[in-house]
Amino acid sequence: MLQILGKNYILKTVNFISWHWLLKGLGPLRTNFPPWQLRPETKISNSFKCLKGELNVKTIGRHVISELWGCDLTKLNDMNKIERIFVDAALRSGAEVREVAFHKFAPQGVSGVVIISESHLTIHSFPEHGYASIDVYTCGNLDPNVAANYIADALNAQTKETFEIPRGMGPVAVRRIQAM
């Protein structure tokens, strides 16, 4: 159950994604699990409306989410290597890098973000599983798939599943880009 502006909404779930960014500004978000789609046909603010299971907003950005499996274990645990890969990915996509923040966990794993003028690139690595979750969000004319594909290749991902979500002010429709 999701509560926005005092109203309850029925949710569907898939994978945890930072949906609070999509719903930011709509009021307090209280849920026991991540929202996937809002279903009631109920007006929830002056600029947002739930219609046919989707938040009706015009698109101003593209958000690519990739699940990477079978990655190089050494790379997944090397903070400096991951930081270089992510900065290179941002630059290859044509983004302007603003800030970089990465953290190495003990005994293993790395989380980090590259803030770009156009939005961000993030990673959470799990070397013990050979897994990394990444997301690349860009506004404007940049293609986030350029950075996401570069990261998957640089981490030697054996399997990946990628989804693209239009973000901003238009219909939200999750599109599967590729699975290998």
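Modeller: Eight bridges join strand β9 to strand β10 (residues 131-139), and the two run antiparallel; strands here are DSSP runs of E with at least two residues, helices are runs of H or I with at least four residues, and both are numbered from the N terminus. Two strands are taken to pair if DSSP finds at least two bridges between them. The model is a predicted one, in which local features need pLDDT of at least 70 and side-chain atom pairs count only at pLDDT 80 or more, while totals for chains, interfaces and linings use all residues. Residues are numbered from 1 along each chain as its sequence is written, and side-chain values use heavy atoms, with hydrogens and water left out.

Within this pairing, T122 has D135 of β10 as its bridge partner. The hairpin of β9 and β10 has four residues between the strands, and G130 there takes a positive phi near 65 degrees.

Strand β9 also pairs with β8 (residues 110-116), to which six bridges join it, again in an antiparallel arrangement. The hairpin that joins β8 to β9 passes through two residues.

Strand β9 itself spans residues 119-126 and is mostly covered, six of its eight residues being buried. Buried means under 20% relative accessible area, exposed means over 50%, and partly exposed lies in between, with a 1.4 Å probe and protein chains only.

The aromatic side chains come next. Rings of Phe, Tyr and Trp (its six-membered ring) pair if their centres lie within 6.5 Å; planes under 30 degrees apart count as stacked, over 60 as edge-to-face and the rest as tilted. By this rule there are three aromatic pairs. In one of them, the ring centres of W69 and Y131 are 6.2 Å apart and the planes stand at 35 degrees, so the pair is tilted. This pair links distant parts of the chain, since W69 belongs to strand β6 (residues 54-69) and Y131 to strand β10, 62 residues apart. W69 is partly exposed because its relative accessible area is 31%, whereas Y131 counts as buried at 16% relative accessibility. Ring pairs link W69, F126 and Y131 into a cluster.

Finally, the charged end of R167 sits over the ring of Y137, 5.1 Å from its centre. For such a placement, NZ of Lys or CZ of Arg must be within 6 Å of the ring centre and within 35 degrees of the ring normal.
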